[in-house]
Amino acid sequence: MALLAVDNLTVTFDEFTAVDSVGFTIEPGETLGVVGESGSGKSVTALSIMRLIEMGTRAKIAGGRVELEMPDGSILDLLTQDEPTMRSIRGNQIAMIFQEPLTSLNPVYPVGEQIAEALRIHEGLGRKVAMVRAREMFDLVRIPEADKRIGQYPHEMSGGMRQRVMIAIALCCEPRLLIADEPTTALDVTIQAQILGLIKQLQVETGTAVILITHDMGVIAEVADRVIVMNQSRVVEQGPVEQIFHSAREPYTQGLLSAVPRLGSMAGKDEPEAFHLAGSLR
Amino acid sequence: MNTVVPLVRVEGVSKQFPTDGHARVHAVMKVSLHIDHGETLAVVGESGCGKSTLANLIIRLHDPDEGRVLLKGLDITDLGPREIRPHRKTMQIVFQDPFASLDPRVRVGTAVAEPLRVHGIATGEEANERVGELFELVGLERSMLRNFPHQFSGGQRQRVCIARALALNPELVIADEAVSALDVSVQAQVMNLMLELQQELGLSYLFISHDLAVVERIAHRVAVMYLGQVVELGSREQVFTNPRHSYTARLLQAVPIADPRQRRDRPLLTGEIPSPVWPAGTGPEVVNMVEVEPGHLVAEE
């Protein structure tokens, strides 16, 4: 049984169908890449799994199932759970990190307290114990000078350090699934490499499954085990990462891949070269 | 040394910005480079490395604190606002966010005609005709002339901005992260358009970007900037296949490669770029560039 099975998920905003009959599964410890261009429905899919999509928006989950295997082996359809149950699942079973860590962190609390808060709420730890654990989380996500940094406010940290804090908050309750929605898109490339490396390493250490949402085919190629390609609210193709990159069947995937600049592909060529667009872009 | 006068030559330009207190941002420090006719010089680097400030210095949106900018051999560094105007026709710029670059209440045809009007080149029917040609040149339809920016997709809006930049027949187009905000399929199409236009019109590009894979595709020569200074400068081949500065190597190492068969087991990188802010009266050390092979300059470490 998969850790998470999404079946026929459909989400609408009034007349518009943002997610249309989407289905996929993810196994424990696996990294599933979700790739697509702006507006393809990637983030709405993620927020629907977390049941965050209907909060304060006109979105409606119109149908489908999102089945999560619980630690005791039972299966829970997240779409039918009440809010208190969902609250116990978010953070504990499924955690999420977003593109912009600055908007995810509270500007008026030191970052250490924000990790401790998650531990107090979800694990029922006391204040002191929670701070000790928060300090350990800083080491886990390789934040240097942890003793000094733990008392800093978000604005005192760089984007990369803030994203490390977000990862620490997300992982502090040892979730079995981490949903990372464009986690490195706002970061410089050297910092991106650090954060992606960190996520991979932590996955090995903790066995967490990861759904990585990104528009960046390079990022997908580097970290995903399996890939789903989304376009216009639908999953157009899915498969192992090798298969998607080297024998994509759908014209949309072929087009997307033909538009991706690949470092090293110009070696030995004197002049710049246009993209030879394929598939749906031809 | 080139005997031909390059289109643009930048000699030792610097720009500092004051911050609150007595500190200063050393945005650009002693940068020297040139852009030849018909070539694309890419400037790459991470946030805050000074690449956009450098572009703004070349096009004289900022005045340099020191150094000179030469356009076709003519020193334009100290020209006043009125004197610089005719030279602005030679250099045009396209920015990252096409929505922010277009007035939401002005029809795109009017926006593209504006430079023609400002420079007294064409008005009325004549301007309309020229704008129609420009639209076709960038792959838009003439019938879209009367539309407003919100009626276009991001890629089409960037085409409008390119059309406007081309209205005055410039020789240099500065593209400041001009394809960075676009989806990858649209990005490829706009880059293909830029390459076509270069072939057709003999344009030079100063292509500012943080994306090395994009730069590798489009550039003839590449300058790598780090903390306000150029640390490596050379042909695309030299910089990408034989990087000699540790920062260039580090950047290249960090770029994800869109091919799962080329996955590398990389050591976990650590460390971040230091701040370019220095207390007044102090500053970073100026690097010394050494020519390691013809046309390939690297900062001594």
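A crossing of two helices is left-handed if the near helix is turned anticlockwise from the far one by less than a right angle, and right-handed if clockwise.

**Figure 1. Crossing of helices α4(A) and α5(A) in a predicted model.** Helix α4(A) passes helix α5(A) in a right-handed crossing. Helix α4 of chain A covers residues 111-123 and helix α5 of chain A covers residues 127-140; their axes, lines fitted to C-alpha atoms over the stretch in contact, are 8 Å apart at an angle of about 120°. Because of this angle, α4(A) is oblique to α5(A) (under 35 degrees is roughly parallel, over 145 roughly antiparallel, 65 to 115 roughly perpendicular, the rest oblique).

**Figure 2. Residues between α4(A) and α5(A).** Helix α4(A) contributes G112(A), I115(A), A116(A), L119(A) and R120(A), and α5(A) contributes residues including R127(A), A130(A) and M137(A). Residues are in contact if their C-beta atoms, placed from the backbone, lie within 7 Å. The residues of this contact comprise seven nonpolar, one polar and three charged; Ala, Val, Leu, Ile, Met, Phe, Trp, Tyr, Cys and Pro count as nonpolar, Asp, Glu, Lys and Arg as charged, and the others, Gly among them, as polar.

Figure 3. The C-alpha atoms of chain A fill a box of roughly 60 × 50 × 35 Å along the principal axes. Among contacts between residues at least 6 apart in sequence, 63% join residues at least 24 apart.

Residues are numbered from 1 along each chain as written, and chains are lettered from A and ligands numbered from 1 in written order. In this predicted model, local features need pLDDT of at least 70, side-chain atom pairs count only at pLDDT 80 or more, and totals for chains, interfaces and linings use all residues.

Note on methods
Contact = placed C-beta atoms within 7 Å. Axes fitted to C-alpha atoms, helices over the stretch in contact; angles between N-to-C directions. Helix = DSSP H or I, 4+ residues; strand = E, 2+ residues; numbered from the N terminus.
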